[in-house]
Amino acid sequence: MKEVYTFGDLQDWRESGGADEPPIRLSVLGDPVAHSKSPQMHNAALRACGLAAGYARLQIHPSELERAVPLLMRNDFIGTNVTIPHKAAMLGLMDEVDEHARKIGAVNTVVIRDGKLRGYNTDGPGIVRALRAEFGVELRDLRVLILGAGGGAGRAIAVQCALEQCERLVLTNRTFAKARLLADELAPYFETPRVTAVPPDLETLRAQLPHIDLVINASASGMQNTDPSPLPAAVLPQHLLIYDTIYGAHRTALLRAADEAGIRSANGLSMLLHQGALSFEIWFDRPAPIEQMRAALLA
Ligand code: NAP
């Protein structure tokens with residue numbers, strides 16, 4: 001199996017991925033996609049379940065997306081995961097879209113069944129399972145502050161919070177207008193006014209923290225080892241939980257601040273794992289082999 005397949009490979013699939021053993025029938029489709037850990041996780045799951053199918057990376061430029069999707073069908077794909085920057089555009093290419101994905105406005109999982117493309121989003125449900133596994137908590141019981149609520153992941157998590165009617169939802173984002181728009185959009189989900197947007201300056205965030213149980217970082221800030229923490233250790237109260245959706249090998253500055261403050265925290269590996277497990281369940285209608293998938297991610 002190649003590290004990355006291209007649109008050209010998809011056009012000539014019988015000579016490329018289709019001829020691989022086991023034949024590639026699942027993928028993560030994105031641009032860039034070379035960094036994705038999904039193949040190691042899903043190939044371990046496929047092997048553990050004795051399923052004769054491979055999972056590969058597909059590097060697809062936005063200008064190729066519309067032509068790439070019918071090729072998946074023609075080449076007998078079971079489905080695909082979808083990542084940056086295609087999640088929103090994929091929604092418009094589906095025959096049917098799950099209600100949850102429609103509310104999020106993005107598709108991260110496609111299943112091809114009976115000649116039809118059906119789109120789902122497992123990012124929101126994935127973080128619910130991740131928080132349960134990491135902290136033993138239910139999202140719906142928590143007062144949540146989301147950093148980076150203007151991005152794709154932040155939006156998926158915020159919609160999930162709204163669907164679960166969590167106790168309180170505070171949204172912030174570097175571009176503040178995006179957080180405010182999202183707060184307005186989500187307000188009708190709550191019976192009482194419990195969602196608000198606040199500017200991302202430290203003093204404002206600090207004033208929120210005594211009334212927050214869980215901070216979720218869904219911003220891209222932190223991906224570089226040198227990125228500063230949005231919240232220094234000194235402002236983190238002892239009751240706070242921190243979940244950073246970033247899942248690189250390094251501990252982000254936010255997670256290091258949590259360590260320094262002596263509070264509980266987790267990185268995004270569990271969200272990656274559980275959104276992947278939910279995709280597997282959609283494709284195969286059976287429980288995912290979570291432990292083998294986790295081991296493959298940590299290998
Ligand atoms: P995205 O749609 O491009 O959104 C990026 C977000 O980060 C925006 O809110 C953006 O704010 C903010 N941002 C970027 N640079 C920043 C900076 N220097 N300071 C403050 N905010 C900044 O990306 P995405 O797909 O949502 O991904 C965001 C993060 O989620 C990434 O770190 C990714 O690793 C993580 N993620 C994790 C999982 C998982 O399974 N664990 C899944 C998906 C994503 P503006 O609106 O102001 O530009």
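**Note on the strand pairing**

1. Strands β2 (residues 24–30) and β4 (residues 79–82) run parallel and are joined by 4 bridges. Within this pair, Leu-26 has Gly-79 of β4 as its bridge partner. This is a predicted model.

2. Helix α2 (residues 38–48) packs on the sheet. The helix touches β2, β3 (54–59) and β4. Its direction makes about 160° with that of β3.

3. Now the sheet as a whole. It is open, has 7 strands and shows mixed pairing. The strand order is β1-β3-β2-β4-β6-β7-β5. At the edges stand β1 (5–6) and β5 (96–97). Each has a single partner strand, so one side of each lacks a neighbour in the sheet.

4. Next, strand β8 (residues 143–147). Of its 5 residues, 4 are buried, where buried means under 20% relative accessible area. The strand is therefore largely enclosed by the rest of the structure.

5. One parallel partner of β8 is strand β9 (residues 168–172), with 5 bridges between them. Here Arg-143 stands opposite Arg-168 of β9. From β8 the chain passes through helix α7 (residues 152–163) to reach β9. This β-α-β crossover is right-handed.

6. β8 also pairs with strand β11 (residues 214–217), again in the parallel sense, over 4 bridges. Leu-145 has Val-215 as its bridge partner in β11.

How values were computed: Residues are numbered from 1 along each chain as its sequence is written. This is a predicted model: local features need pLDDT of at least 70, side-chain atom pairs count only at pLDDT 80 or more; totals for chains, interfaces and linings use all residues. Side-chain values use heavy atoms; hydrogens and water are left out. Buried means under 20% relative accessible area, exposed over 50%, partly exposed in between (1.4 Å probe, protein chains only). Helices (H or I, at least four residues) and strands (E, at least two) are DSSP runs, numbered from the N terminus. Two strands pair if DSSP finds at least two bridges between them. A crossover is right-handed if, with the strands pointing away from the viewer, the path from the first strand over the helix to the second runs clockwise. Contact means heavy atoms within 4.5 Å. Axes are lines fitted to C-alpha atoms, for helices over the stretch in contact, and angles run from 0 to 180 degrees between N-to-C directions.
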